[in-house]
Amino acid sequence: MNGKRKPDKTEKVVRSSPSAKKNRHKKDVTDPNTPMARFLLLPSLVGVLVFYVVPSFIVAYYSIVDNPISKKFVGIENFKTLFSAWAFTQAAKNTLLLSFTAVPAAVILSLILANVLNSKIPGKSMFRTFFLSPMMVPVASVVLIWQVMFHHTGSVNALLTWFQGTHLVGFIDHVILSLGGTVNHTDWSAVDWLKSDKAMVVVVLLFQWKNMGYNMILFLAALNSIPKDLVEVAELEGASPMWRMIHIKFRYLSPTFLFVTIMSLINSFKLFREVYLLTGDYPHEKLYLLQHFMNNTFRTLDYQKLSSAAIVMAAFMVVIIGVLFTVESIFGKDVEE
Amino acid sequence: MNDTFDPKPAQTADIPPQNAAPMPVRRRRKRKGTLSQRINLMLMTLFAAAAAFAFLMPTVLTITNSFMSQSEISANYGVIFSAATDGKTFISKDVNLKFIPDIVSASQYITVLFKSPDYLLKFWNAMILTVPIVVFQIVVALGASYSFARLTGRLKEIVFFIYIIVMLMPYQVTLVPNYLVSDKLGLLNTRLAVILPGVFSPFAVYLLTKAMRRIPKVYYEAAMLDGAGEFTIFTTISLPMVRSSLFSVVILIFIDYWNMVEQPLILLADETLHPLSVFLSKINTQETGLAFAVAVIYMMPSLLLFLYGEDALVEGIASSATLK
């Protein structure tokens with residue numbers, strides 16, 4: 001703005017003078033689009049194009065031809081084969097189930113944790129450090145302890161067995177029965193956590209353990225950005241805590257909800273790390289994830305399967321993110337920054 | 001309680017008379033709520049303490065258990081890593097999770113550090129993959145984010161949008177293009193196959209751009225009017241102002257790549273190149289004792305980085321709380 005207005009004035013005065021050229025040059029003095037600013041983008045741009053964007057188009061191309069050598073166009077044939085492959089559908093199902101449990105849980109739990117840390121409890125910074133620390137511990141390092149805890153004869157089962165021996169179970173049974181429920185005692189007995197369909201529980205727990213701190217910080221920042229006077233006015237006007245929660249807090253938190261959800265979603269796709277380190281190459285059927293499928297397909301180098309699977313996942317991500325963005329823009333539209 | 005109450009009288013002084021009326025009402029409500037508030041606070045503190053315990057336990061247990069001797073570990077955890085013994089040592093039938101070893105010994109560390117080069121080699125592998133990725137991703141990203149923050153125009157917006165899309169793609173998607181390129185360039189099964197895609201990953205660009213955009217444009221204009229070149233602007237305005245974000249990005253990238261499993265599994269067929277993160281899962285059953293010590297050594301670099309730069313990390317994460 002500034003840069004444009006000023007030269008206009010000078011130009012009027014010195015239009016015919018020989019120094020016009022110099023002034024033209026001066027006009028650009030505050031223009032940020034300098035050659036140097038453009039140049040600095042170049043290394044990154046070339047890298048992203050070479051390693052991500054251009055090969056992605058090749059991948060898209062591979063997904064619609066019969067093989068990389070003869071390159072005959074086959075339409076959606078590869079996708080049909082992919083979806084008829086049991087391994088892929090099973091892996092996709094497991095991954096989706098995992099993501100759709102882990103992500104909402106992560107959002108809710110970290111919001112609770114952020115609210116706790118946003119209250120007036122003592123030792124906040126200490127708690128913050130504690131909650132954040134799992135993020136900095138490599139998964140590989142704590143896998144041993146998780147194995148010890150969740151092994152068939154491990155600590156969690158020992159705890160469950162102990163719990164079953166206490167009168168507490170009888171009491172809970174009593175409560176459930178009196179509420180008209182049924183009691184199923186196998187629920188409390190030892191479970192082989194890592195080698196049964198309960199394995200998902202362990203993985204989701206591990207996910208929460210690792211990611212809650214990061215999400216909590218994001219929510220804390222958002223909670224702090226809510227204007228204090230707005231909340232106070234609402235309180236004065238007699239708005240109930242529930243109303244304040246929905247109409248003020250959630251509105252202001254909505255961009256953060258979006259961010260936390262997307263970040264957790266991406267991180268939930270990295271859960272393969274935990275699963276792989278806990279259970280190795282051959283996990284329980286319920287823990288066979290898309291990354292396992294990709295690893296196996298890389299081993300046989302089936303380019304059609306690889307590229308069509310990658311395209312399906314990419315499309316899925318784009319759709320999910322699009323939906324999230326739309327929801328967020330509807331819900332948080334009239335919040336002023 | 002005191003800190004909530006003290007500022008209130010001071011505030012009433014500033015409030016115009018017509019607003020003063022509701023104040024006593026509010027005050028009374030606060031006082032009435034004191035007991036329940038106090039209980040509430042106590043419950044929350046208890047909750048936070050319980051959560052903190054759960055959060056710390058795995059890490060602390062790993063550290064304390066690393067000071068056990070091999071025989072104690074096989075006695076306690078032998079069942080899990082079965083065949084850990086040859087029938088000579090005692091194995092308890094159930095797993096005994098212990099907070100504190102019976103006999104504190106540093107023997108595992110001595111073995112890891114001086115007697116079994118295998119682990120150190122894997123540690124070195126992790127270093128030689130992670131450090132170049134972090135350093136060069138930051139260098140490349142600093143330039144790019146500076147450009148993104150400075151440049152104007154539609155084209156830049158589109159390019160930045162592409163960066164975001166690439167950033168949001170999970171490894172399951174990006175590893176296929178990465179593999180293709182490494183294959184074409186003949187890099188497969190070399191460390192460069194992992195390092196190069198890491199260096200050009202848009203993650204750091206994205207976070208640093210957000211940090212750089214918060215610098216008021218006026219600063220740049222003033223500097224340019226005074227005749228400063230891009231380099232001067234970059235080193236005297238941009239860099240100092242994004243310092244905490246920069247540090248948090250360094251930590252985030254470091255931990256992500258220090259933790260990597262997917263890329264080496266696919267891009268490095270040669271297992272001798274694998275970093276410790278992958279190797280630790282394949283612990284030799286004879287060496288369960290060592291595994292704890294190795295695990296502790298492995299978590300040290302990232303934990304130290306964290307303890308050193310926690311405030312910057314928190315500040316950096318907090319400032320990235322939205323996607324746009």
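**Notes on a two-chain helical model**

1. Starting with one lysine: B:K156 is partly exposed, since 17 other C-beta atoms lie within 10 Å. (The cut-offs: 20 or more other C-beta atoms within 10 Å of a residue's own makes it buried, 12 or fewer exposed, anything in between partly exposed, with C-beta atoms placed from the backbone.) B:K156 is part of helix α9 of chain B, residues 154-168. Leaving out residues up to four places away in sequence, B:K156 touches B:F148 and B:L151; contact here means C-beta atoms, placed from the backbone, within 7 Å. B:R213 is 57 residues from B:K156 in sequence, and their C-alpha atoms are 14 Å apart.

2. Before going on, some ground rules: this is a predicted model, in which local features need pLDDT of at least 70 and side-chain atom pairs count only at pLDDT 80 or more, while totals for chains, interfaces and linings use all residues. Residues are numbered from 1 along each chain as its sequence is written, and chains are lettered from A and ligands numbered from 1 in the order in which they are written.

3. Overall make-up: chain A has 15 helices and 0 strands, and chain B has 18 helices and 0 strands. These are DSSP runs numbered from the N terminus, with helices being H or I of at least four residues and strands E of at least two. Of chain A's 337 residues, 38% are buried; for the 324 residues of chain B the figure is 41%. In chain A, 74% of the contacts with a separation of 6 or more come from residues 24 or more positions apart. In chain B, 77% of contacts between residues at least 6 apart in sequence join residues at least 24 apart.

4. Domains, with bounds from an automatic or database domain assignment: chain A gets domain 1 (2-62) and domain 2 (79-152 + 192-331), with 40 Å between their centres, taken over C-alpha atoms. Chain B gets domain 1 (66-105) and domain 2 (110-318), and there the centres, again over C-alpha atoms, are 38 Å apart.

5. The interface draws on 90 residues from chain A and 87 residues from chain B. On the side of chain A that touches chain B, helix α3 of chain A (residues 35-62) gives the largest share, 18 residues. That side of chain A divides into 64 nonpolar, 21 polar and 5 charged residues. For the record, Ala, Val, Leu, Ile, Met, Phe, Trp, Tyr, Cys and Pro count as nonpolar, Asp, Glu, Lys and Arg as charged, and the others, Gly among them, as polar.

6. Have a look at α3(A) itself. It bends by about 45° at A:L49, the bend being the angle between axes fitted to the seven residues ending there and the seven starting there.

7. B:R150 is worth a click. It belongs to helix α8 of chain B (residues 117-150) and counts as buried because 26 C-beta neighbours fall inside 10 Å. Not counting residues up to four places away in sequence, B:R150 touches A:P32, A:A37 and B:Y220. B:F161 is 11 residues from B:R150 along the chain, with 16 Å between the C-alpha atoms.

8. The largest nonpolar core has 162 residues, and A:V203, B:L208 and B:A295 have the most contacts inside it. Helix α10 of chain A (residues 199-225) supplies the largest share of this core, 16 residues. Such a core is a set of buried Ala, Val, Leu, Ile, Met, Phe, Trp, Tyr and Cys residues joined through C-beta atoms within 7 Å. Neighbours within four places aside, A:V203 is in contact with A:L98, A:L271, A:E274, A:V275 and A:L287.

9. Helix α14 of chain A (residues 290-300) has A:L290, A:Q291, A:H292, A:F293, A:M294 and A:T297 buried. Their cover includes α5 (86-118), α13 (272-279) and α15 (303-331) of chain A, together with α10 (171-184) and α16 (262-267) of chain B.

10. Two backbone spots to check. A:L301 is not a glycine, yet has a positive phi of about 50°; it sits in the loop between α14 and α15 of chain A and is exposed, because it has 11 C-beta neighbours inside 10 Å. B:N189, also not a glycine, has a positive phi of about 70°. B:N189 lies in the loop between α10 and α11 (191-199) of chain B and is partly exposed, with 13 other C-beta atoms within 10 Å.

Note on methods: Two residues are in contact if their C-beta atoms, placed from the backbone, lie within 7 Å.
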